Amino acid sequence: GMLHFLGRSVPYNLKKAVSWWEKAAELDHPLALWRLGLYYGKSVSGKPNLKKAIAYYERAAALGYRPAVEQLIDILESDEGFEAETEKALLWNRQAAIQGDANAQSNLGFWYESGINIEQDFNQAIHWYSYAAEQKDTRALTLLGRAYILGRGVKTDYEKGRKLLTEASEQGSSLAKYLLGHIHKKGLGVE
């Protein structure tokens, strides 16, 4: 299918590419399922068919294909063309987080902290931020650092918070830079 899609060794032909992906999908090939999800979700040729995209992404995700999990979560959290399916998004996000996906861990932490799609629970937020921060996820480093500065879900620890925020700032987090400026301005934990 990819040869037809890319026009390598054969002329570009999207219909043939999709046909080959569908044949591979019948054999539960995760990459083919994901490509069909992209095809129907982004719809290169007309109006997106999100229901069909979700079905393909779910099959690929069930086979452990992480890019499909990420696409599935993005679609299920959105409200593009249908009501967002937050329960499914939470389920897939939690599964990816348990499997060690730092982005999913950071998302789950944020959901718990903010109470989005789930009951607010600062302890769970810290739990998931910590896992993602161990993998150097910039967002998790920033939000975990902020939690230590504010004492939200953890005992206030300016030194630990500043260390996490510094690491996130070095990775380019503008929020981390702002928070570092704020704690220095207020003299929080600064000698």
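Trp128 and Tyr131 sit 3 residues apart in helix α8 (residues 122-134), so about one helical turn separates them. Their rings form a tilted aromatic pair, 5.9 Å centre to centre with 45 degrees between the planes. Rings of Phe, Tyr and Trp (its six-membered ring) pair if their centres lie within 6.5 Å, and planes under 30 degrees apart count as stacked, over 60 as edge-to-face and the rest as tilted. Please keep in mind that this is a predicted model, in which local features need pLDDT of at least 70, side-chain atom pairs count only at pLDDT 80 or more, and totals for chains, interfaces and linings use all residues. Residues are numbered from 1 along each chain as its sequence is written, and side-chain values use heavy atoms, with hydrogens and water left out.

**Overall make-up**

- The protein has 11 helices and 0 strands; both are DSSP runs numbered from the N terminus (helices H or I, at least four residues; strands E, at least two).
- Of its 191 residues, 41% count as buried, where buried means under 20% relative accessible area, exposed over 50% and partly exposed in between (1.4 Å probe, protein chains only).
- Among contacts with a separation of 6 or more, 38% come from residues 24 or more positions apart; contact means heavy atoms within 4.5 Å.

**Aromatic rings**

- A pair of aromatic rings is described by the distance of the centres and the angle of the planes.
- Searching the whole structure gives 3 aromatic pairs.
- One of them is stacked: Tyr40 and Tyr56 lie 5.8 Å apart centre to centre, with 10 degrees between the planes.
- Tyr40 belongs to helix α3 (residues 30-43) and Tyr56 to helix α4 (residues 50-62), so this pair ties together parts that are 16 residues apart in sequence.
- Tyr40 counts as buried at 13% relative accessibility, and Tyr56 counts as buried at 14%.
- Ring pairs also link Tyr39 with Tyr40 and Tyr56 into a cluster.

**Where α7 meets α9**

- Two packed helices are described by the angle between their axes and the distance between the axes.
- For helix α7 (residues 102-114) and helix α9 (residues 138-150), the axes come within 9 Å and cross at roughly 35 degrees.
- These axes are lines fitted to C-alpha atoms, for helices over the stretch in contact, and angles run from 0 to 180 degrees between N-to-C directions.
- The crossing of α7 past α9 is left-handed, a label used if the near helix is turned anticlockwise from the far one by less than a right angle.
- On the α7 side, Ser106, Asn107, Phe110 and Glu113 make the contact, and on the α9 side Arg139, Ala140, Leu143 and Arg146 do.
- These contact residues divide into 3 nonpolar, 2 polar and 3 charged.
- The charged end of Arg139 sits over the ring of Phe110, 4.6 Å from its centre (the cut-offs are CZ of Arg or NZ of Lys within 6 Å of the ring centre and within 35 degrees of the ring normal).

**Positive phi in two loops**

- Most residues other than glycine have a negative phi.
- Asp28 has a positive phi of about 60 degrees although it is not a glycine; its place is the loop between α2 (14-26) and α3.
- Asp28 counts as partly exposed at 40% relative accessibility.
- Lys136, also a residue other than glycine, has a positive phi near 70 degrees and lies in the loop between α8 and α9.
- Lys136 counts as partly exposed at 45% relative accessibility.

Note on methods. Nonpolar A, V, L, I, M, F, W, Y, C, P; charged D, E, K, R; others polar.
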